[in-house]
Amino acid sequence: MEQLIEILEDIHPGVDYETCTTLIDDEILDSFAILSIVSELEEEFGVSLTPVDIVPDNFNSAKALWKMVQRLQNEE
Amino acid sequence: MSLISLKFLIFVVIAVVGYYLIPKKYQWIWLLVFSYIYYISSGVKIVFFLVFSTAVTYMTGLLLQKSEEKESTLGKKKIKARKRKIITLALLLDFGMLGILKYTNFLLGSIGSVLGSSVPEFDFLLPLGISFYTFQSAGYVLDVYWGKCKPERNVFKFALFVSFFPQLMQGPIGRFETLAVQLYARHSFDGQRIERGVRRILWGYFKKLVIADNAAMFVNSIFGNVDQYSGLAIIGVLAYSAQLYGDFSGGIDVVSGIACLFGIDLDENFRRPYFATSITDFWHRWHITLGTWMKDYIFYPISLSKWMSRFGKKARKKLGKQIGRALPICIANIIVFLVVGIWHGAAWKFIVYGLYNGLVIGISGMLAPQFRQWKNALHINDKGKGWMVFQILRTFVLVNISWFFDMASNVPDALKMMRYAVTKFEISELFTAGIIPLGNNNPKYIMLVIATILFGCAVLFVVSVFQERGLTEAELYRKVPFALRCLCYVAILFILPVLGAVPVTSGGFIYAQF
Amino acid sequence: MRNFKRTFFVVIILIFCVAVTNVANYVIIPYSYARITMHNIASEEHDILYVGSSHGLCGIDPDIVEENTGESGINLCFGGEYLRDSYYMVKEAASHHTPKKIVYELDPGYWVSPENQNGDFGRLYYEMPLSKTKCQYFFAKMLDADFRTIIFPWYNYRSQLLRIKDTVKIKGSQEYDEYDPAYFNDIVESYRKSGMIYRNRIEGEKSFDNFVLWDEKNIQEISKTYFEKLKVFCDEKGIELIVITTPIPRETQEMYEQQYADADQYFRTYFEKQKVEYYNFNYMDLGGFNRALSEFADGEGHMYGDTAEKFSGILANTLKNQ
């Protein structure tokens, strides 16, 4: 999880990823950032995302992201 | 049926009145019938294309579901391959038809000019709304493919989703998940809704008839006679800013207002685009539904595709993390904007328009970390008001550059105009005899039209600021009592004939020809 | 109670809007001889109806034709009158009295340019008294028009705001009530009872406005539609339909020789198919008739009054010798 937050801060600094739950709803992360995150997730955690996974539910908070990563890792 | 014609007004009144008189369970059928009446009124022959698109995407949805049901017997891989074939065929048919009708002459012409020979020209009449309903139905079919929504089994209900008349001409491009449920639901008469719809319709007509159509007269002259009005290039592009926004968002307000009268909320297509702080932000505020469509159905799928992933990995190795991570996204982004450009029309200038937008966004995305460093070094407070104003103005300039390619007849003219914009400025040319088709060349009349445009823009600006600040309907109703609101509506209604221009393009909206 | 109050208020407002618009119509829409024309359609009976554009309006003198042929006529031509308008004017006239002949003055420019929605676009409709024909006219023309043209008829006449005093004065006068055309007489022209406009000879440069050159590529299907409707109507009612093109200045024709010749060829072929007599006076022997620019008020083809009288004599002979 800490690794994930590091990634987020590298791509888009200045946000409190521990507490924020509206990363998509408040448009804090734009599509560029989202895809950069996806790229890092694929690199760091070896997961493969599809368009179906790019939904606000999965990206609105660091926790939600982590949940998704774990789920995808289990599916592999 | 032109949105400004009396026929259309009467059509809407009958449709709305009847809608609330019939039993609620038939309301969606009523909408379907009226949608097809609307479509047929513009030519029976072209209904074929609408029906074709509807049939292809309807059957595809059902076929995809059928395939999934066979997953347990045939296995995941085989089904995936089968589904792939089905969706590919559907998209080829759907977009193929759009492509042939819209781009055949352009492609043949380009090939011809490369080969130096003349090519046959086909006289294809672009069916009403084909650019919009093709995208909407393709979005549905992809949503079913990805399991985002279940296919609609009732062919007539589905036909309504594709043909719902308010959005047929110029969007907004809807999503099945959010639109279908509203279309098929039962709606009760709601006075507040009617007021909201009427208000939105009046506001849309105001933007179109008072701002856009008046500005259009100058735009047509300046862009149509580039050398004659070389001193007015800047004024021309600013007028076009006003015209395009007034025309398109005005038209969207009218159709959204009409949909609202039926109890249906269409997706927003505009959100004060000229307040955008970057080109990226601009595309989140301008033609929003096209942007989100591109994002969900082209940008993400391309970026997440296997070959893009592989390319990304290679790029990381060769060019380092920052560039390697950003490059695939940039390329996907450029592809998206090329499509956006081509969607606008079959001409090289639109390709340049798309590329320009794609490159600006791509490059600024790639250099985001650098920009952050520079801002820190220069001690710029990027949360401050001053910086925001700078961003808005900067974006406005960048957007206007793209408008040159959108409106000029071709790329060379666009470049010429941009050159004039920075080298020449001759306001007296505004009073050249014949610059606008009406007024008997009287300079007082020209001044009147300019004053009208500025007045319209001022009103628009004030309203936009309130909207940007998030003024809710409840707050508005608290501050402005019903009687006063009605008087305002009447004032706008009378402003339409008093200040509105006679449409130069026989009552047409710009995006209705797409 | 709240809803009732609100509905009541909305109704009051709508009534107010209607009242304001009616007042605006009265004070802004200028007096036009179209009103007299429409009145005459209903109140008079004639053997020949002349329909067409401003060329016919200035060039055809029904009284001269009557002198020579014994057939009375009324000039229903109007600047900006397209075939759709002519068709409904004819229908309206025929509903009161069936004429023997209809002479359609054809200006080729009208067949290759779309009707613009400004100025007097809805004038003939507006001045037509309420009748079955007016309803049909509404569905045929006004439904597709800008909604402002019907709901706010004064909309197309905003430029006349400066003449409010004049307009109100004339509309309150006896002349107006008695359909007296004397109001329209001035130094440039006078309006005859027969419907013709007599252009006076005046000094000055001749203009070349409103000039649309023939180009078959731009042909408007609606013109053909309404011509064929007119032909069917005439056949049903036993009315003879004749098409003419009035003479234009020789200088103008020489300047655009090819276009005028192309138009003539096109219409000759078309009217032959339609089995309608077509007389293009620009390609006929007109005896001593002088087609120099000096005999016209402008380069476009509006004849001076005395020129029109001479031409009408020739027209009369043509009609007699058919």
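**A note on chain B and its neighbours**

1. Let's start inside chain B. Of its contacts with a separation of 6 or more, 74% are between residues 24 or more positions apart. Please keep in mind as you read that this is a predicted model.

2. What is chain B built from? It has 20 helices and zero strands. Its radius of gyration is 24 Å, close to the 24 Å that the globule rule gives for 514 residues, so chain B is as compact as a globular protein of that length.

3. As for burial, 41% of the 514 residues of chain B count as buried.

4. Now look at where chain B touches chain A. Here 16 residues of chain B are in contact with 14 residues of chain A. On the chain B side, the elements giving two or more residues are α12 (288-303) and α13 (306-344). Sorted by class, the residues on this side of chain B are seven nonpolar, six polar and three charged.

5. Next, turn to chain C. How many residues of chain C are in contact with chain B? There are 19, and they meet 16 residues of chain B. In chain C, α1 (2-28) and α8 (147-151) each supply at least two residues of the side that touches chain B. Which element gives the largest share of that side? It is α1(C), with six residues. By class, this side of chain C has twelve nonpolar, three polar and four charged residues.

Notes:
Residues numbered from 1 in each chain as written. Chains lettered and ligands numbered in written order. Predicted model: local features only at pLDDT ≥ 70, side-chain atom pairs only at ≥ 80, totals over all residues. Contact = placed C-beta atoms within 7 Å. Helix = DSSP H or I, 4+ residues; strand = E, 2+ residues; numbered from the N terminus. Nonpolar A, V, L, I, M, F, W, Y, C, P; charged D, E, K, R; others polar. Rg over C-alpha atoms; globule rule 2.2 N^0.38 Å. Buried ≥ 20, exposed ≤ 12 C-beta atoms within 10 Å, placed from the backbone.
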